[in-house]
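Subject: Structure handover

Hello,

Here is the structure I promised to pass on. Please open it first, then read my notes below.

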Amino acid sequence: MRKILFVVILPLAGCASLRPGAPLAVIDAHTHTDFDDQPERTSGIPNTLDEYLGQLRKAGAVGAVAHAHDLEAGYVDLGVHNVAHCAGITESPDLDKLEAGLKEGRFKCVKVYLGYIYRYAADPMYEPVYRLAEKYHVPVVFHTGDTYSVKGKLKYADPLTVDEVAVDHPRVDFVLAHCGNPWIESAAEVAYKNPNVYLDGSAMLIGNLDEQPITDVDTYMVKSLAWVFGYVEDPKKLMFGSDWPLTDIPSAVAAFKKAIPKEHWRAVFHDNAARVFGIKDKAQAK
């Protein structure tokens, strides 16, 4: 039986940590680094390295996770900026190359593009991938929910389908990207039920959220994330993510804060991603 956790939706606040006067340390758990030096076709955000690093700095980020489209595309060595990379799993993944990258520490996680690849999470093709994730103690991130491409097939991206995999692989941590949006209730239930399932709240909206109607931001992002956070009843389950360059990072942080009680900001914006992805702040890494 679930207990009810009352979530207070806070007014928009500036960056602050639990220490008075100190900035909130942020880890963006969902970004992309396949820079083409062009405006992103939907958001218009310049898809450049300078823009990426500039937005991370402006948001107070001390680290990030970048999701590659395969073992090469979208991978840029940004370790000096404390950016960890997820290895993208294609229709025919090179398992030897994947294992080498995990062993070397080149990849800190694995990304499965449900909906873009027409296979369910429990498809036998992914079993060797899950075994490698367990062997090297890295999480598996699933794309869940709406697909950016009209060629995506939504039935494969339903977050409810991850429940089977989470049960069958209890020693692997799984992350449901985008909180399964628009199936946020299913995603929240899968995370609530399974101790090894987490959520990132990236790309609930696209673009610079400061430039969008506040009613849209509140309706489609703030209220949705507040409901998810309250339902799972565990502040360790939800992580901040932007999905840059689809979404402007500083404005996403500001909107995300409105959904989360201030006493849980540190967990949601930093500690959860640091733990799940094994990211250390630069000062800690020295």
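One definition before the findings: two strands pair if DSSP finds at least two bridges between them. With that in mind, take His67, whose bridge partner in β3 is Cys86. Please also keep in mind that this is a predicted model.

**Confidence**

The average pLDDT is 92, and 91% of the residues score at least 70. Residues 3-21 need care, with a pLDDT below 50. In the model, that stretch has 42 contacts beyond near neighbours in sequence.

**The sheet**

Eight strands form an open sheet with parallel pairing. Their order is β1-β2-β3-β4-β5-β6-β7-β8. Which strands stand at the edges? They are β1 and β8 (238-239). Each has a single partner strand, so one side of each is left without a neighbour in the sheet.

Start with β2, residues 61-67. Five of its seven residues are buried, so the rest of the structure largely encloses this strand. The chain reaches β2 from β1 by way of helix α1 (residues 49-58), and this β-α-β crossover is right-handed. β1 and β2 run parallel and are joined by four bridges. Asp28 has Ala64 in β2 as its bridge partner. β2 also pairs with β3, again in the parallel sense and over four bridges. There, Val65 stands opposite Ala84 in β3.

**Thr31**

Thr31 belongs to strand β1, residues 26-31. Is Thr31 buried or exposed? Its relative accessibility is 0%, so Thr31 counts as buried; the cut-off is under 20%. A polar atom of its side chain lies 2.8 Å from the backbone oxygen of Val65. Leaving out residues up to four places away in sequence, Thr31 touches Tyr52, Ala64, Val65, Ala66, His67, Ser242 and Trp244.

**Helix α3**

Which residues of α3 (residues 127-135) are buried? They are Val129, Tyr130, Leu132 and Ala133. These cover an arc of only 160° around the axis, which puts them on the same side of α3. An α-helix has 3.6 residues a turn, so residues three or four places apart point the same way. The buried residues of α3 pack against strands β3 (83-89), β4 (109-112), β5 (140-143) and β6 (174-177). They also pack against helices α2 (95-104) and α4 (162-168).

His137 follows α3. Its place is in the loop between α3 and β5. At 71% relative accessibility, His137 counts as exposed, because the cut-off is over 50%.

Helix α7, residues 249-259, is mostly covered. Eleven of its eleven residues are buried. Among them are Ile249, Phe256, Lys257 and Lys258. What do the buried residues of α7 pack against? The list is β1, α1, α6, β8 and α8 (265-277).

Now look at Ala226, in helix α6 (residues 214-232). With 7% relative accessibility, Ala226 counts as buried. Ala226 and Ala259 are 33 residues apart in sequence. In space they are 4.6 Å apart, C-alpha to C-alpha.

**Thr147**

Thr147 sits in the loop between β5 and α4. At 9% relative accessibility, Thr147 counts as buried. Its side chain reaches the backbone oxygen of Ser149 at 2.9 Å. Setting aside neighbours within four places in sequence, Thr147 is in contact with Gly115, Tyr116, Gly152 and Leu154.

**Backbone points to check**

Most residues other than glycine have a negative phi, and most peptide bonds are trans.

- The peptide bond from Asn181 to Pro182 is cis, with omega near 15°. Pro182 lies in the loop between β6 and α5 (184-193).
- Trp244 and Pro245 are joined by a cis peptide bond, with omega about 10°. Pro245 is in the loop between β8 and α7.
- His137 has a positive phi, near 55°.
- Ala203 has a positive phi, near 55°. Ala203 lies in the loop between β7 (197-200) and α6.

Best wishes

Terms used. Residues are numbered from 1 along each chain as its sequence is written. This is a predicted model: local features need pLDDT of at least 70, side-chain atom pairs count only at pLDDT 80 or more; totals for chains, interfaces and linings use all residues. Side-chain values use heavy atoms; hydrogens and water are left out. Helices (H or I, at least four residues) and strands (E, at least two) are DSSP runs, numbered from the N terminus. Buried means under 20% relative accessible area, exposed over 50%, partly exposed in between (1.4 Å probe, protein chains only). A polar contact is a pair of N or O atoms within 3.5 Å; within protein, one must be able to donate a hydrogen and the other to accept it, and residues adjacent in sequence count only if both atoms are side-chain atoms. Contact means heavy atoms within 4.5 Å. The arc is that of the directions from the helix axis to the C-beta atoms. pLDDT is the predictor's confidence in each residue, from 0 to 100. A crossover is right-handed if, with the strands pointing away from the viewer, the path from the first strand over the helix to the second runs clockwise.
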